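Hi everyone, thanks for making time.

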Amino acid sequence: MRNRYLDLLRFLAIVRVVVYHVTGWASLTLLFPAMSVMFALAGSLMATSLHRSGPTAVGRRLRRLLPSLWVVAAIFVPAMLLTGLPLTPKVLLWLFPVADPPANYWGALALSPIWYLRDYLWFVLASPVALWLFRRYPLPTLLAPYCLLLAIELGIYPNAPGVLREFGLYFGAWLLGFAHQAGMLRRLANRVLVPTVLALAVTGGAWLLAHPGPRGYDLNDNPLGNALWSAAFILVALGRAPSSADWVDRNPVFGRAVTVLNRRALTVYLWHMAFVVALTPLVDVFGWSHQDLLGLAIRVILVFLLVGVVTALVGWVEDVAAGRPPELIPGGRHHAVPAARRHAEPRRGVAPDRAAEPGEMAVPGQRDRSAEPREDAVSGRRGRDITGS
């Protein structure tokens with residue numbers, strides 16, 4: 001059985017990403033480091049898939065991830081080619097973005113969330129080896145990305161390739177997902193967890209205060225502070241996660257919203273920034289600056305409405321990629337789950353709080369299948385997330 005608490009975490013992460021990109025409020029990155037949480041959840045799911053299927057899980061992950069990207073590319077790449085994007089072999093990166101695919105001036109803004117898929121692909125490809133190392137040397141493997149990032153940020157490893165910086169920033173969260181799937185985080189005693197969380201949060205916060213970025217204390221401008229602060233958050237959010245969150249479904253409307261955003265997380269993530277950019281001129285027309293709370297609220301609502309429309313139009317691609325019957329609005333079918341099954345022990349070796357990926361929502365009463373995923377405002381650096389956290 002899936003854990004609705006993890007669904008709730010992903011739901012909150014997606015909502016936070018969208019709200020951040022509309023408002024630009026740096027405080028949101030501190031309150032909820034969404035991207036690191038999403039990578040941690042994805043890492044946990046990847047570990048589960050590798051445990052069940054071995055390296056063949058990599059191919060299935062890619063099959064679940066790429067079709068939604070191809071839909072975006074089929075619409076935006078021709079539009080960019082018609083508005084100045086040179087036609088070069090690099091355009092093929094829109095089929096498999098292991099590096100930043102090319103974009104013109106407006107496409108780089110509207111499609112900036114592609115950085116997430118780029119990192120996700122690298123992490124999926126690295127996961128079979130990383131999980132093998134993690135099972136044998138858990139602590140050194142977990143610390144390696146943070147040590148790499150520290151070396152880069154302190155200038156010990158200058159001019160590091162961008163992909164290594166990304167591994168240092170977010171692969172640690174992915175490996176914390178491995179630890180969550182293995183039950184290590186839940187088994188940490190408070191005498192270990194609490195001092196570790198405090199040390200990470202204080203160190204990350206102090207580094208952030210000492211090195212403010214162009215947007216002030218925004219985690220996305222400070223990779224090392226981001227990684228440490230996010231690690232502290234993940235240790236609490238996953239290390240002390242409840243075994244279930246049945247209360248999520250007590251309100252049918254809220255429960256359905258959580259289901260929809262989990263089943264359509266990839267579509268929402270890929271499309272929302274285009275609408276944020278498209279609505280930006282409203283700031284000049286109506287004077288809806290970041291200090292105008294009513295105007296910001298209207299913009300947030302408009303972005304979600306537009307994302308809802310496009311999700312209804314193309315979100316079913318996530319169902320097809322997952323081998324499910326396509327649905328216009330996910331979560332409409334419910335099947336009773338026998339009490340004996342609800343309370344049955346999970347299969348040996350599988351984490352009891354396994355949750356579907358953004359592209360996957362288990363149907364109650366059926367066996368959960370492995371699936372595929374799930375920020376970014378216009379960053380000053382190409383390919384970097386401005387909502388990274």
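This is a predicted model: local features need pLDDT of at least 70, side-chain atom pairs count only at pLDDT 80 or more; totals for chains, interfaces and linings use all residues.

The protein chain has 17 helices and zero strands. It runs to 389 residues, and 54% of them count as buried.

Okay, on to the helix pairs. To describe two packed helices, you give the angle between their axes and the distance between those axes. So that's how I'll go through them.

Let's begin at helix α1, residues 4-23. How do α1 and helix α13 cross? Helix α13 covers residues 265-279, and the axes of the two cross at roughly 10°, coming within 10 Å. An angle under 35 degrees counts as roughly parallel, so α1 and α13 are roughly parallel to each other. On the α1 side, the contact uses Arg-10, Ile-14, Val-17, Val-18, His-21 and Val-22, and on the α13 side you'll find Ala-265, Val-268, Tyr-269, His-272, Met-273 and Val-276. Sort those by class and you get nine nonpolar, two polar and one charged.

Now stay on α1, but look at helix α12, residues 252-263. Here the packing angle is about 75°, and the axes are 9 Å apart. That makes α1 roughly perpendicular to α12. Which residues of α1 make this contact? They are Arg-4, Asp-7, Leu-8, Arg-10, Phe-11, Ile-14 and Val-15. Facing them in α12 are Phe-254, Gly-255, Ala-257, Val-258, Thr-259, Leu-261 and Asn-262. This contact splits into eight nonpolar, three polar and three charged residues.

One more pair, elsewhere in the chain: helix α7, residues 138-153, and helix α11, residues 223-239. Their axes are 9 Å apart, and the angle is about 155°. That makes α7 roughly antiparallel to α11. The crossing of α7 past α11 is left-handed. From α7 we have Tyr-146, Leu-149, Leu-150 and Glu-153, and they meet Pro-223, Leu-224, Ala-227 and Ala-231 of α11. In this contact there are seven nonpolar residues, one charged and no polar ones.

Back in α13, have a look at Leu-266. Buried or exposed? Its relative accessible area is 1%, so Leu-266 is buried. Leu-266 also sits 8.0 Å from Glu-318, C-alpha to C-alpha, although 52 residues separate them along the chain.

For contrast, find Leu-92, in the loop between α4 (56-82) and α5 (105-110). With a relative accessible area of 57%, Leu-92 is exposed. Its C-alpha lies 9.1 Å from that of Pro-102, which is 10 residues away in sequence.

Last stop: Asn-159, in the loop between α7 and α8 (162-181). Most residues other than glycine have a negative phi. Asn-159 isn't a glycine, yet its phi is positive, at about 55°. Asn-159 counts as exposed, because its relative accessibility is 78%.

That's my tour, so over to you for questions.

Key:
Residues are numbered from 1 along each chain as its sequence is written. Side-chain values use heavy atoms; hydrogens and water are left out. Axes are lines fitted to C-alpha atoms, for helices over the stretch in contact, and angles run from 0 to 180 degrees between N-to-C directions. Helices (H or I, at least four residues) and strands (E, at least two) are DSSP runs, numbered from the N terminus. Angles under 35 degrees count as roughly parallel, over 145 as roughly antiparallel, 65 to 115 as roughly perpendicular and the rest as oblique. A crossing is left-handed if the near helix is turned anticlockwise from the far one by less than a right angle, and right-handed if clockwise. Contact means heavy atoms within 4.5 Å. Ala, Val, Leu, Ile, Met, Phe, Trp, Tyr, Cys and Pro count as nonpolar, Asp, Glu, Lys and Arg as charged, and the others, Gly among them, as polar. Buried means under 20% relative accessible area, exposed over 50%, partly exposed in between (1.4 Å probe, protein chains only).
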